[in-house]
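Let's go through this model with a few quick questions and answers. Have the coordinates open as you read.

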Amino acid sequence: MWDLVLGDRRINSLRLVAPMWNGTRGIHRLGGAVVPEGNQKKERKMLQFLNNHFYDVEALRGYLLQREMSKVHLKNRSFTWLEEQHGPYSAGAFFILKQGGAVKFRDKEWIRPDKYGHFSPEFWNFREVPVEAVDASDCEINYEGLDNLLLLKELQSLSLQRCPHVDDWCLSRLYPLADSLQELSLAGCPRVSERGLACLHHLQNLRRLDISDLPAVSNPGLTQILVEEMLPNCQVVGVDWAEGLKLGPEEQPQDTASPVPA
């Protein structure tokens with residue numbers, strides 16, 4: 001520790017502290033952390049890669065989107081080849097479990113993957129037991145992946161809540177489940193519109209349909225009315241029938257508290 005004299009002012013107790021290396025976060029107390037050399041090399045390689053392949057932000061966005069779609073395509077690859085060895089129920093269940101969803105075989109408990117994506121292999125023993133319920137909420141199922149889901153010919157309940165890739169085309173493919181499907185939830189699916197809901201007219205055995213929080217539906221109240229007419233035996237939930245319905249000038253509520261002009 002030293003005392004410094006700067007002009008006519010004395011600065012006391014200037015303490016010099018040796019830099020400390022913490023093993024992972026670099027050197028501290030030297031004006032911020034210093035990135036370890038190995039990380040610096042990785043960053044330089046990444047920056048060089050980006051510089052060599054992308055000349056603007058749009059090109060980079062396109063590349064990242066293509067990578068993301070490639071991952072989705074891989075997750076939705078066909079598992080129908082498992083049908084020959086394990087039967088359609090186990091093959092379809094395997095696809096859902098790999099997606100992170102849950103399945104319920106008839107008279108069995110729900111089977112769900114843990115936080116690491118691992119699940120019990122006991123379902124392979126249920127070759128002859130139909131799958132009666134699937135919870136695919138938040139899964140990345142798309143049009144191609146439905147080939148695996150449609151193996152479950154006796155499916156009664158299906159939840160596709162908040163599935164980002166379920167769209168109108170996907171709903172148009174659900175007709176093979178018309179004889180069995182009784183409950184369907186599409187709540188929170190951002191790509192489902194009125195046109196997709198119109199494709200559900202094949203599912204005349206539906207008893208409950210959840211169409212809440214569908215941002216692509218422009219007029220939820222009117223859509224609910226039309227879906228109820230299309231599926232008269234189905235309870236359509238999730239929408240206030242008056243939501244989105246615009247009243248004409250003569251139907252607007254009058255403010256009776258306002259004074260009447262003389």
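Q: How many disulfides does the count come to?
A: This is a predicted model, where local features need pLDDT of at least 70, side-chain atom pairs count only at pLDDT 80 or more, and totals for chains, interfaces and linings use all residues. Residues are numbered from 1 along each chain as its sequence is written, and side-chain values use heavy atoms, with hydrogens and water left out. A disulfide here is a pair of cysteine sulfur atoms within 2.5 Å. By that rule, the count is zero.

Q: Which cysteine has the sulfur nearest to that of Cys139, and how far away is it?
A: Cys139 is buried at 2% relative accessibility (buried is under 20% relative accessible area, exposed over 50%, partly exposed in between, with a 1.4 Å probe and protein chains only). Cys139 is in no disulfide. The nearest cysteine sulfur sits 5.7 Å away, in Cys163.

Q: Where is Cys189 found, and which residues does it touch?
A: Cys189 is in the loop between β9 (183–185) and α7 (194–198); helices (H or I, at least four residues) and strands (E, at least two) are DSSP runs numbered from the N terminus. Cys189 is buried, at 0% relative accessibility, and its C-alpha is 6.2 Å from that of Gln161, 28 residues apart along the chain. Taking contact as heavy atoms within 4.5 Å, and not counting residues up to four places away in sequence, Cys189 touches Leu160, Arg162, Cys163, Val166, Asp213, Leu214 and Pro215.

Q: What are the edge strands of the seven-stranded open sheet?
A: Strands pair if DSSP finds at least two bridges between them. The order is β6-β5-β7-β8-β9-β10-β11, with mixed pairing. β10 (residues 208–210) and β11 run parallel over three bridges, with Arg208 opposite Gln235. Pairing on one side only, the edge strands are β6 (110–111) and β11 (235–237).

Q: What angle does helix α4 make with β5?
A: Helix α4 (residues 88–99) packs on the sheet and touches β5 (102–105), β6 and β7 (131–135). Axes are lines fitted to C-alpha atoms, for helices over the stretch in contact, and angles run from 0 to 180 degrees between N-to-C directions. On that basis, the α4 direction makes about 155° with that of β5.

Q: What kind of ring pair do Phe94 and Phe119 form?
A: Rings of Phe, Tyr and Trp (its six-membered ring) pair if their centres lie within 6.5 Å; planes under 30 degrees apart are stacked, over 60 edge-to-face, the rest tilted. Phe94 lies in helix α4 and Phe119 in the loop between β6 and β7, so the pair ties together parts 25 residues apart in sequence. With centres 6.3 Å apart and planes at 70°, the pair is edge-to-face.
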